[in-house]
Amino acid sequence: MPQTFFSLIDKLNAAPPAERPGLEESIWKSYGTEKAVMALDMSQFSLTVRRRGIVTYLAMIRHMQLVTSKIVRESGGSVVKYHADNLMAVFGDAVKAVAAAVRINQSLSTAQREEECDPYSVSIGIDYGRFLMIEDNECFGDPVNIAYKLAEDLGRPREVLITEAVLRRLGSSPANPVQEQQVSVSGMEFKAFAVKYPEA
């Protein structure tokens, strides 16, 4: 993480209480953004590693990275980072984020059949809101946390879960129907929506 950002956080920690709101506002002014956040998680990591071995799973991760990076870029998004079997990406447009998520799931299924890869699946969560973006390679904030929770803790294999904030930005006639569900994330109860799409 860039030293400039760390320096601001250190300055905030050292400041007297009266100065902290102004410093926090300065951090948001420098690093704040409002976009769609996509988080992706490969399903059944531990089980796959135990059954097939870590080398096979690393090959699957690399395959996922090559497929998803191309789709994110072509869909107008940016890959923030890959970490283990996770992807974080951001999009200025929620419609493009959801379209990319659907395309990722469909393309992964097609690529595995055509290339005779070891089969695997992913779950994807998308939220929209204000968060901190550091030098295009790290993000912090509620939309980031919620997107990861949807992908890692709540999403089933090949599922795309979006929040109400994302749904509002899809317009009155979204490209794909959604199914509402009530979910709980870190003690918070809210609505999530599973995006329905045809299998590739």
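Among contacts in this protein chain between residues at least 6 apart in sequence, 66% join residues at least 24 apart; contact here means heavy atoms within 4.5 Å. Before going further, please note that this is a predicted model, in which local features need pLDDT of at least 70, side-chain atom pairs count only at pLDDT 80 or more, and totals for chains, interfaces and linings use all residues. Residues are numbered from 1 along each chain as its sequence is written, and side-chain values use heavy atoms, with hydrogens and water left out.

**The chain as a whole**

The protein chain has seven helices and eight strands. These are DSSP runs numbered from the N terminus: H or I with at least four residues for helices, E with at least two for strands. The radius of gyration of the protein chain is 18 Å, close to the 16 Å that the globule rule gives for 200 residues, so the chain is as compact as a globular protein of that length. That radius is taken over C-alpha atoms, and the rule is 2.2 Å times the number of residues to the power 0.38. Along its principal axes, the C-alpha trace spans about 60 × 45 × 35 Å.

How much of the chain is buried? Of the 200 residues, 46% count as buried. Buried means under 20% relative accessible area, exposed over 50%, and partly exposed in between (1.4 Å probe, protein chains only). The chain exposes about 10600 Å², and carbon and sulfur atoms supply 49% of that area; the areas come from the Shrake-Rupley method with a 1.4 Å probe, and for residues only the protein chains shown count as cover.

As for charge, there are 22 positive and 25 negative side chains, and the centres of the two sets lie 2 Å apart. Lys and Arg count as positive and Asp and Glu as negative, while His and the chain ends are not counted. Each charge is placed at NZ of Lys, CZ of Arg, CG of Asp or CD of Glu.

Two strands pair if DSSP finds at least two bridges between them.

| Partner of β4 | Direction | Bridges |
|---|---|---|
| β1 (residues 32–42) | antiparallel | 11 |
| β6 (residues 160–163) | parallel | three |
| β5 (residues 138–140) | antiparallel | three |

Ala39 has Gly125 of β4 as its bridge partner, Ile124 stands opposite Val160 in β6, and Ile134 stands opposite Glu138 in β5. β4 and β5 form a hairpin with three residues between them, and Glu135 in the turn has a positive phi of about 50 degrees.

Ala84 is found in the loop between β2 (77–83) and β3 (86–91). Its phi is near 50 degrees, a positive value in a residue other than glycine, and Ala84 is partly exposed, with a relative accessible area of 47%. Arg158 lies in the loop between α6 (142–154) and β6. Although not a glycine, Arg158 has a positive phi of about 70 degrees, and its relative accessible area of 39% makes it partly exposed.

Which residues does Ser69 contact, leaving aside its neighbours within four places in sequence? Ser69, placed in helix α4 (residues 54–74), is in contact with Val79 and Tyr82. Ser69 is partly exposed, with a relative accessible area of 21%. The C-alpha atoms of Ser69 and Leu87, 18 residues apart along the chain, are separated by 9.1 Å.
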